[in-house]
Amino acid sequence: MLHLLRPTLSRLGWQCIESFTNVDGGDIDTAGLIAVLDIQNGINGWAKATSTAIPQELDKYFEKINSANLVLGFGLTPAMISLLERKAIPSLDFEVSPLRFGTNLFWSARTNHRGIRQALESIEIFDEFFWNEAASLSAALAWRGIRTVGEPQKTYSIFIGQMPIDLSLVADGSICSINDHKDMIEDYFSDVDEVLFSPHPYDTSGEVFFKISQDISSIKLTSEKHIACCVRTLQRNFLLYRQVLLIKLISS
């Protein structure tokens, strides 16, 4: 992200400085910080650290951030967002947008600064744009003879499988699995006839599918390409944001 933004920011006369964990060669002593916070070292400790409030006496661990006029982040944790708000440092946090039906990838962003928020809202890309892109994608697939999934009289949603070993899904400071969100997932699927489960390419065991399918009878395993599944679900007049939130939940 630094290489992406540095040319523009440099033309504005802004100095860009990176700050990240010393494990990756940066300046933040993550292990020392976790030890002072009395958090268990390991995967579960890391998960807890993402949401643990950082007290003022530990600001010394974030020297570069303390002197910043603006912090640009990529997936800032709740702990870091809370730190920036406490110190009244404007922030702009980027993620790759979960809406993936466009010709290009887009950013989604959040900020704690009213002026930045107004600027972002002025260039917001609305969901209708992605519906048009999905229609173009559907036409391109049809032209190449790639069939979409399902029957015209049924409604569908898609469930992109997560790897069982993926430990990146964090909620309330804890590592969690898809089954921990079973009730939420079932609610997302409550108004469709079938749910197409497309497993992760490297999940050869089918563990995730068999666990969730025991509780949600409408889930059906499919070997079709993700993109063909997605186009079919979009054609069935789904609320796009509901489907995308689900995909983002299980692939974060």
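Me: How do I read aromatic pairs in this model, and how many of them does the count come to?

Reply: Rings of Phe, Tyr and Trp (its six-membered ring) pair if their centres lie within 6.5 Å, and planes under 30 degrees apart count as stacked, over 60 as edge-to-face and the rest as tilted. By this rule there are three aromatic pairs here. In one of them, the ring centres of Phe-94 and Trp-107 are 5.1 Å apart and the planes stand at 55°, so this pair is tilted. This pair links distant parts of the chain, with Phe-94 in strand β2 (residues 91-96) and Trp-107 in strand β3 (residues 107-111), 13 residues apart. Helices (H or I, at least four residues) and strands (E, at least two) are DSSP runs, numbered from the N terminus. Please keep in mind that this is a predicted model, in which local features need pLDDT of at least 70 and side-chain atom pairs count only at pLDDT 80 or more, while totals for chains, interfaces and linings use all residues. Residues are numbered from 1 along each chain as its sequence is written, and side-chain values use heavy atoms, with hydrogens and water left out.

Me: Is Phe-94 buried or exposed, and how does Trp-107 count?

Reply: Buried means under 20% relative accessible area, exposed over 50%, and partly exposed in between (1.4 Å probe, protein chains only). Phe-94 has a relative accessible area of 11%, so this residue is buried, whereas Trp-107, at 43% relative accessibility, is partly exposed.

Me: Which kind of pair do Phe-106 and Phe-129 form?

Reply: Phe-106 and Phe-129 make an edge-to-face pair, with 5.6 Å from centre to centre and 80° between the planes. Here too, distant parts of the chain are linked, since Phe-106 sits in the loop between β2 and β3 and Phe-129 in helix α7 (residues 127-143), 23 residues apart. Phe-106 is partly exposed, with a relative accessible area of 22%, and Phe-129 is partly exposed as well, at 33%.

Me: Which residues do ring pairs link into a cluster?

Reply: The cluster consists of Phe-74, Phe-94 and Trp-107, linked by ring pairs.

Me: How should I read the pairing of strands, and in which sense do β1 and β2 pair?

Reply: Strands of a sheet pair through backbone hydrogen bonds, either parallel or antiparallel. In this description, two strands pair if DSSP finds at least two bridges between them. Strand β1 (residues 71-74) pairs with β2 in the parallel sense over four bridges, and Phe-74 stands opposite Phe-94 in β2. Strands β2 and β3, in contrast, run antiparallel and are joined by five bridges, with Ser-108 in β3 as the bridge partner of Glu-95.

Me: What is the order of the strands in the open sheet?

Reply: The three strands of this open sheet follow the order β1-β2-β3, with mixed pairing. The edge strands are β1 and β3, each of which pairs on one side only. On average, neighbouring strands of this sheet are turned by 25° against each other, direction ignored. Axes are lines fitted to C-alpha atoms, for helices over the stretch in contact, and angles run from 0 to 180 degrees between N-to-C directions.

Me: Which helix packs on the sheet?

Reply: Helix α6 (residues 114-122) packs on the sheet, touching β2 and β3, and its direction makes about 155° with that of β3. Contact means heavy atoms within 4.5 Å.

Me: How do I read salt bridges, and how many does the count come to?

Reply: A salt bridge is a side-chain nitrogen of Lys or Arg within 4 Å of a carboxyl oxygen of Asp or Glu. By this rule, the model has four salt bridges. One of them joins the side chains of Arg-86 and Asp-59 at 2.8 Å, N to O. Arg-86 lies in helix α5 and Asp-59 in the loop between α3 (43-49) and α4 (63-66), so the pair ties together parts that are 27 residues apart in sequence. Arg-86 is partly exposed, at 37% relative accessibility, whereas Asp-59 is buried, at 10%.

Me: Which residues are linked with Asp-59 in a network of salt bridges?

Reply: Arg-86 and Lys-87 are linked with Asp-59 in this network. In the salt bridge of Lys-87 with Asp-59, the closest N and O atoms are 3.1 Å apart.
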